[in-house]
Amino acid sequence: MNKIHVAIAILYRDGKFLCQLRDDVPNIRYPGHWALFGGHLEPGETPEIAVLRELKEEISYAPPSVSFFCCDVEKDVIRYVFHGQLSADVKDLVLLEGWDMKLLAPSDIRAGKCFSEQSGDVRPFGIAHQHILLSFIDSIATVEMK
């Protein structure tokens, strides 16, 4: 089986994490779920270039630089995970893909669900994206404790 290669971004600001409420369409992974921004690698594209391109395409913003966090493998998907500081205000971002976006606190991520003003209800987190974010939050806490 060929694996799908995607690059995703953990963008953070003021102790919160920018998340996307994915479109509620059946032919995508985690429809109607909170997730991280990102997408498929184009042929010949590096994961770092892909994540910056995807951010531009999805929210008209990319941080000046991103750092590699981890590689997450789930059955048929390999996710290259990057992180970077969100220097723009969320109100200045343009959501071009997805249903909603917002900065979520670690408590929202741990709860596994969050209210969306756009959908008008509480939506769950995509499980892989929740695990990745919690792992990142735990790694930050470990560094801060040292």
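Analyst: Rings of Phe, Tyr and Trp (its six-membered ring) pair if their centres lie within 6.5 Å; planes under 30 degrees apart count as stacked, over 60 as edge-to-face and the rest as tilted. Five aromatic pairs are found in this structure. One of them joins Tyr12 and Phe17 edge-to-face, with 6.4 Å centre to centre and 65° between the planes. This is a predicted model, in which local features need pLDDT of at least 70 and side-chain atom pairs count only at pLDDT 80 or more, while totals for chains, interfaces and linings use all residues. Residues are numbered from 1 along each chain as its sequence is written, and side-chain values use heavy atoms, with hydrogens and water left out.

User: Are Tyr12 and Phe17 buried or exposed?

Analyst: Buried means under 20% relative accessible area, exposed over 50%, and partly exposed in between (1.4 Å probe, protein chains only). Both Tyr12 and Phe17 are buried.

User: What kind of aromatic pair do Phe17 and Phe136 form?

Analyst: Phe17 and Phe136 are edge-to-face, at 6.2 Å centre to centre and 90° between the planes. Helices (H or I, at least four residues) and strands (E, at least two) are DSSP runs, numbered from the N terminus. Phe17 lies in strand β2 (residues 16–21) and Phe136 in helix α3 (residues 127–145), so this pair ties together parts 119 residues apart in sequence. Phe136 is buried, as is Phe17. One aromatic cluster is formed by Tyr12, Phe17, Phe69 and Phe136.

User: How many disulfides does the rule count?

Analyst: A disulfide is a pair of cysteine sulfur atoms within 2.5 Å. The count here is zero. Cys19 is in no disulfide, and its nearest cysteine sulfur, that of Cys114, is 8.2 Å away. Cys19 is also buried, with a relative accessible area of 0%.
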